[in-house]
Amino acid sequence: MSKLPVLCLLTLPLFASWAGAADDEARLRALDQQCEEARARRLAPIREEMARRCVAERRYLANPEQDCRLEMSTYGDTFRGPRGAAIRGKFYDLPECLAAARAWKEWEAARPWKN
């Protein structure tokens with residue numbers, strides 16, 4: 001008897017779990033995208049107001065509107081501090097972001113062989 005059919009039967013669940021993992025990751029990335037969209041909606045008026053103030057204060061001479069918008073475009077984003085540590089951005093406490101973080105944590109807990 002050939003060992004190939006037995007080997008195929010034994011590896012079939014492995015391939016099925018890989019396909020399921022790809023679906024899970026796609027769902028989790030969609031949740032991350034929803035979080036980032038919610039954050040962008042929340043940050044937009046704040047960035048707009050800060051850019052308006054920057055123009056009013058005349059911080060830049062050559063192209064104040066464009067330069068101020070560029071400076072404020074990253075306000076609220078996660079960035080690296082002087083020693084390389086990540087400094088967390090604003091509004092990760094929105095419900096969409098909390099749901100995404102919870103889903104990622106559950107996904108990691110369901111994969112004990114990776115921890």
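Okay, let's start with cysteine 97: this residue is buried, with a relative accessible area of 5%. Keep in mind throughout that we're looking at a predicted model.

So which residue is cysteine 97 joined to by a disulfide? The partner is cysteine 35, and the two sulfurs sit 2.0 Å apart. If the word is new to you, a disulfide is a covalent bond between the sulfur atoms of two cysteines. Now, where are the two ends? Cysteine 35 is in helix H1 and cysteine 97 is in helix H3, so this bond ties together parts that are 62 residues apart in sequence. Cysteine 35 is buried too, again at a relative accessible area of 5%. And because the torsion about the S-S bond is about 90°, we call this disulfide right-handed.

How many disulfides does the structure hold? Two. The other one joins cysteine 54 to cysteine 68, also with S to S at 2.0 Å. Is that link left-handed or right-handed? With -65° about the S-S bond, the link of cysteine 54 and cysteine 68 is left-handed. Cysteine 54 belongs to helix H1 and cysteine 68 to helix H2, so here the parts being tied together are 14 residues apart in sequence. Cysteine 54 is buried, at 0% relative accessible area, and cysteine 68 counts as buried at 0% as well. If you number the bonded cysteines in sequence order, you get the pairing 1-4, 2-3.

While we're on helix H1, which covers residues 4-56, have a look at glutamine 33.

Next up, rings. Search the whole structure for aromatic pairs and you find one. That pair is tryptophan 104 with tryptophan 107, and the arrangement is edge-to-face: 5.4 Å centre to centre, with 90° between the planes. Those are the two things to quote, by the way: a pair of aromatic rings is described by the distance of the centres and the angle of the planes. Both tryptophan 104 and tryptophan 107 are in helix H3, residues 95-109, and they're three residues apart, which is about one turn of the helix. Is tryptophan 107 buried or exposed? Buried, because its relative accessibility is 11% and the cut-off for buried is under 20%.

There's another ring to point at. The charged end of arginine 39 sits over the ring of tyrosine 92, 4.1 Å from the ring's centre.

Last topic: backbone angles. Most residues other than glycine have a negative phi.

Phenylalanine 91 is another residue with a positive phi, near 70°. You'll find phenylalanine 91 in the loop between strand S2, residues 86-87, and H3. Is phenylalanine 91 buried or exposed? Buried, with a relative accessible area of 18%.

Conventions. Residues are numbered from 1 along each chain as its sequence is written. This is a predicted model: local features need pLDDT of at least 70, side-chain atom pairs count only at pLDDT 80 or more; totals for chains, interfaces and linings use all residues. Side-chain values use heavy atoms; hydrogens and water are left out. Helices (H or I, at least four residues) and strands (E, at least two) are DSSP runs, numbered from the N terminus. Rings of Phe, Tyr and Trp (its six-membered ring) pair if their centres lie within 6.5 Å; planes under 30 degrees apart count as stacked, over 60 as edge-to-face and the rest as tilted. Buried means under 20% relative accessible area, exposed over 50%, partly exposed in between (1.4 Å probe, protein chains only). A charge sits over a ring if NZ of Lys or CZ of Arg is within 6 Å of the ring centre and within 35 degrees of the ring normal. A disulfide is a pair of cysteine sulfur atoms within 2.5 Å.
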